[in-house]
Structure formats: C-alpha cells, structure tokens
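Dear colleague,

I am passing on a structure for your review. Please find it below, followed by a short account of what was found in it.

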Amino acid sequence: MVRPLGILVGLGFCMALVFALVTTVWTMATTPTEDPKNTPYFWQQEPRPANLPSSGPFAQFDRVQLQRGFRVYKEVCAACHGLNLVSFRNLEAIGYSEDQVKTIAAEWPIQTPSVDPNTGEAAMRAPIPTDRFPSPYPNEIAARAANNNAIPPDLSLIVKARAGHEDYIYSLLTGYRDVPAELPEALRPGVGLSYNPYFASLNIAMANPLTGEGQVTYDDGTRATPDQMARDVTAFLVWTSEPKLENRIKTGWAVLGFLLIFTILAYMSYRSIWAEKKGR
Amino acid sequence: MSFPWAKEYQPQNGFMQWMDERLPLPRLVYGAIGAGYPVPRNLNYFWNFGVLAGFALMIQIITGIVLAMNYAANTAVAFNSVEYIMRDVNAGWLLRYLHMNGASFFFIVVYIHIFRGLYYGSYKAPREMVWLLGVVIFLLMMATAFMGYVLPWGQMSFWGAQVITGFFSAIPLVGEPLREWLLGGFVPDNAALNRFFSLHYLLPFVIAGVIILHIWALHIPGSNNPTGIDVKSEQDTVPFHPYYTSKDGFGLGVFLIAFCSVVFFAPNMLGHPDNYIPANPLSTPAHIVPEWYFLPFYAILKAFTYNFLWIDAKLWGVIAMFGSIALLFFLPWLDKSPIRSASYRPLYRKFFWFGLLPCIAVLGVVGAMPAEGLWVPLGQVAALYYFAHFLIIIPMISYFEKPEPLPMSITESVLGKAETPAVGATPATA
C-alpha cells in the first residue's frame, strides 16, 4: 500500500512543480528583460582588499596602526557614530596605559548621561574608563533629525556585520566617486546623498568623511592620506569587532598542533590494532 | 543481544563484581560500545560518522550549558549578552564560536551519516526502527538549531523566526491563530524568545534520549556494512572495542582538526553578517536566508509558485517542505529491492550519484539565492527531481534493476575468494 500511495503523492508534488515551472518559464519568456544598466548591481563594485595584518592564518594587530585608527575614529567618525560595545578601559589592549586611558575618557568630547548626586536630576558627566563610549545622540529621533533621516550605525561590530568585512569598510571609505555621466536618472543620488559604488543602493547618506590629507594629525609621523586614514580606521574597527582575535589565532595553532599529534598517534594505534585483520 | 558469539562481560575485580550484581551499568556499556558488541569487519570510514554525531552533540550540550550561564533571554539585552560573552567572559569567544560552528559540524556529520544510510541501504529490514528514530532525531535537531539561531536576537534571528513561524499561517482557518499562540504574540518578541530559549535547552536532552533508543534498536540486528549482506559467522565480525574504538579515535582526530580549523581561523564563515546587527522589526534585510543546513528545504519551499488544484502556492510550499522530510519515514517501505548496498544496485547507484546528490547540491545553492531570474526554474527542476527520486523512482526501480552478484560473505569481500575458509555455505541474499 505504501508504494502506490507514495507514487500518487509523488505525482501530486511533481505536477504542482511542473505547473509552477511552466508558468515561471512562460513569465520569463514573455516579460521583457530589464536593461541591466537600470539595476544597481550593474554599477556596484567588488570591495578591494584592505591588506590588513589582522587577516589570514597568522593574523595579528599592529598596535601603532590601531592607535592611528582610534585617532581617526575620535576625530572624524565619533561625531556621528557610537561604539556602544567598547569601553574606554578596553583601549589598554591596543597599547594605551591606564593613565592615558583615564585622560582619553576625561577629555572625550561627548558626555555620558548621569544623575546629579545632590538633586537626583538627570545630568551629564565626563566618561570614566569603565564607561562605554557614549553615543553621540541621546536617541534615534535625534540621530535621524541630525542626519537627513538616516541613522548612523553603531560601529562596534560593523566589520563583522557587513558582507566583505574589512575590505568592504575600507573600500566604502575610499569609494566616493563622481556620478558617472551615463548613470540612469533613477539611480542618481537624491538630496543629501553621495554616490558610492561600494554601497548596495549606490547612494549613501554619509558624506565623504575622509576628504583630504592632514585631516587627522598622526603622532608617529605617518602621512595622513585619505587612503591611509581609511586603512587605519578599518584596522581599528576590526579590533572593535573582534577584540579577541589574537587570542583566537594563538590558541588555534596550539590546538591544531595538539590535535595533529593526537591524530597521528590515534592512526598508529588504529593500524597496529588492525594489523592482523587486514589480511592480504 | 545481537550474535551468539558476542563476548560476555567479566567483572575484573571484586568491586566491579559487586557493582555488576547491583547496577550492571558497566555490563551495559560493554555490550553497547565495548568488546561485547560484534561489528562487521569491513566497515569503511563512512561508519565513523555516527560516533562523530554523538560527539558533536556532546560538544553542543557542554558548551551550551556554560553559554546559558551568561546569556540573557530578553529581547532588550539578548544581543548584548552574546557580545558580553564574546568580550568579557573568560574564553567566552571560544565557547560561543565552538557552539555556533558546532551546530554546523553536527549537521555536516549527520548529513554524511544519513547519505551513508541511503547509499548502503541501512534503512531496510531489519533496521527500519533505527532509520525511523534517526529521522526523529533529525527533526529534533532542526527544531533545536532553528531556535538556537533565534537566541542572539540579530537581524537574521528575528527575520528567520518571522519567516519560519509564518509557515503555520499557511494552514487554512487555524493557521494565523496557531501562529500567534506559538509565538505568544503577533510577531516574534520577548515571549517567543523566552520559550525558544527554554525549548532550545530542553530538546538536546530529548535528542540524547532518542539517540539511546536509536543505538538500542541498532544493537538488535547489529550494524549494516558496505556489502549490505548479513553477518554469517564470527569471522565476519570484530569486537567494537578495540577495533572500532581505535578507528573512531582516528576519525575523531580528523574531525576535530577540520572543526577547529574553522572555529579558530574562520569562525564566521558559515554564519550570516546580518546576524551581527541587532534585531530590528522595522527594517527587513535584503535577503532573508536560513542557516546553510536548511537551504535545500528552503529552496523546496520557494519552488512552489503555482496555485495547483486551487491550493495556495504558499501552502503547497509548506506541505512540500515538511513532506520532503516526512517521506523519509516511509522510505523503508517505498524501496522494495531486497539488495541493501548500492554497490550491487547499478541503477539505484546511478540515480544516487547523478540524481540525488547533484539535486541536493543545486537545491542548497538555489536556497541561498534570491528568488529571481534563472534560480527559480532551476530550483523547481531540482525540487521536482527530489520528489520524483524518493516517491516515484525508488518505488519503481526494483522492477527494472538487475542486481550485480553479491559476495558469499563479508569475510570473502575483505579477503578475496581464495583465502576465505568455507563456512555455513548458505547463498548470500540480503
């Protein structure tokens, strides 16, 4: 009984799919194909490699670069983008001393919401090392109001939260171009938007943040070109996304070394136990 | 249980003797995975994957219990509690990446385990119960994995929950109330997150229970083998320990090398970037895709686009998606061929390698792609083959197939004809 019923049910599913297939093919054949130039896909570009030391099987952080990147974040990005998963104390991991971290927190241009200890009223105070980086806007409405109705995303996880990861962030930051002459009207940037072929819709609400050399002054004498600043801040954002990266890689090699020895020994014991059974 | 020549447990000292008379747990283990379980001597490496699946479940349970100590199932803090694990809990990043990728590797080994069963006919008599319990385990795994993916409360968590619970709303009349009852609301929210967490903690232990039944049912007839023919004498078998424990030890090493390479060097390879964005009910991701191990079933769901027989296409898709797994319950009775192993079934073998496997691969790719352009008809053709394979081809194939000659015994298949001592010379039928 199972087989005739099975065949019947199978024919039911297959007929439903044949009808679906025929209508799909018919629709495809009768619908005029859209000119690919009218879709954003045609104009999008693949991210260019950021070539950071934090990728590959021997990944590590260049702490000097991370500090440069932090500087770019502080002086450029922090005006609009928060970093709500990172605390000031975490900066010690990229080479700042405890005192430096205290100073960075105390001098941070954005204050942290607090309570007046005398009156209990809402107040603002300077951050301390255990605080997270304060958000530049008190709430979403304020963020939208200040940015032409677009919310600047928090950057803590941005590298892991975008396809293409660090390559995408680096490419986006250095990807602002003039609008191509032959770009269709529907794909052209509207008011307050900028053309950037690395962005999914081609038109991004963020104006080019890294406009010219020397926008940020580096302590170590590195020339602050837009490309260098983009690379450095991307490196910094790789760290905010994955602060335990170096632990992971180091532990990984130790674990693989252990497993390799374990597996070789397991293979040898397997062979010796089976030696007489294998025959031939 | 299985064979008369199975070694009997002998307590090695007074304490074990005392124990054996009161709670014969060591005797049970000895008979289940020790020297007391005779196993065909010709198993290939595909037989490692059952033990590996059990090991993967243990990794999930152990890492999961520790993660649950630091996770908070509340929509306001769930996302940040996962990031707290990643940043501030000692070795939290390791636990979390082990658990996240452990789910993927659990599915990899279980899929290989299932396809091994399909190829060598392990679902056939007398192992039908083993197969049925295996399908139950697979369904429980899918439910557990889905609910686990919701817990970090990222964008894909939320929208995946939205899509999957939306399946219930395709059921006529009761669908929408049923969905609201299951979710505890109109959209996935705190009530849903809490019950998903509760069930995600419960189901792995249910899986462990069904695994015990799965192994129990296996030990009645004993393990199948690559020839698919029955064990005939003691020389066809070896004791599980030390022969297969040593082989499984080696298999485990290779598995762990592959697993740890991903955990430590590409931990987010199998995940989706959008799940690092906190859930936002007001912003729909461009493409909602499930985890990779659900992609073939997702492709089947999407393949039904026509209201055939005036039944809504969405309902067709949901029925077909559940049906694509439910049909596995009937497989032992859909396939009438007396030969188990595809090694001796020329037609079945061809349909397996050139039909079923490419079809599943295509469904997996189509599942990940947006429902547009050529992906749609391609997915429909592959889905059509999937149902035809299990419900039409397999039931009919045994009428046309001429099986290849089987070896006389398992020992003969290992040692060759000349060296095989003549034993119990009954002709080999599967």
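Across the interface of chain B and chain A, one salt bridge is found. Its partners are A:Arg89 and B:Asp88, whose closest N and O atoms lie 3.6 Å apart. Please bear in mind that the model is predicted.

On the side of chain B that touches chain A, the elements giving two or more residues are α4 (78-87), α5 (92-119), α10 (240-265), α12 (313-326), α13 (331-334), α15 (375-400) and α16 (410-415) of chain B. Of these, α10(B) gives the most, with 16 residues.

As to the extent of the interface, 66 residues from chain B and 60 residues from chain A take part in the contact. The two chains bury about 5,400 Å² between them, and 73% of this is on carbon and sulfur atoms. Within chain B, the residues that lose the most area to chain A are B:Arg87, B:Tyr243 and B:Phe265, which together account for 14% of what that side buries.

One further residue may be of interest to you. B:Thr144 belongs to helix α6 (residues 128-150) of chain B. Because its relative accessibility is 8%, B:Thr144 counts as buried, the cut-off being under 20%. Apart from its neighbours within four places in sequence, B:Thr144 is in contact with B:His200, B:Leu203, B:Pro204 and B:Ile207.

With kind regards

How values were computed:
Residues are numbered from 1 along each chain as its sequence is written. Chains are lettered from A and ligands numbered from 1 in the order in which they are written. This is a predicted model: local features need pLDDT of at least 70, side-chain atom pairs count only at pLDDT 80 or more; totals for chains, interfaces and linings use all residues. Side-chain values use heavy atoms; hydrogens and water are left out. Contact means heavy atoms within 4.5 Å. Buried area is the accessible area (1.4 Å probe) that two parts lose on being put together, summed over both. A salt bridge is a side-chain nitrogen of Lys or Arg within 4 Å of a carboxyl oxygen of Asp or Glu. Helices (H or I, at least four residues) and strands (E, at least two) are DSSP runs, numbered from the N terminus. Buried means under 20% relative accessible area, exposed over 50%, partly exposed in between (1.4 Å probe, protein chains only).
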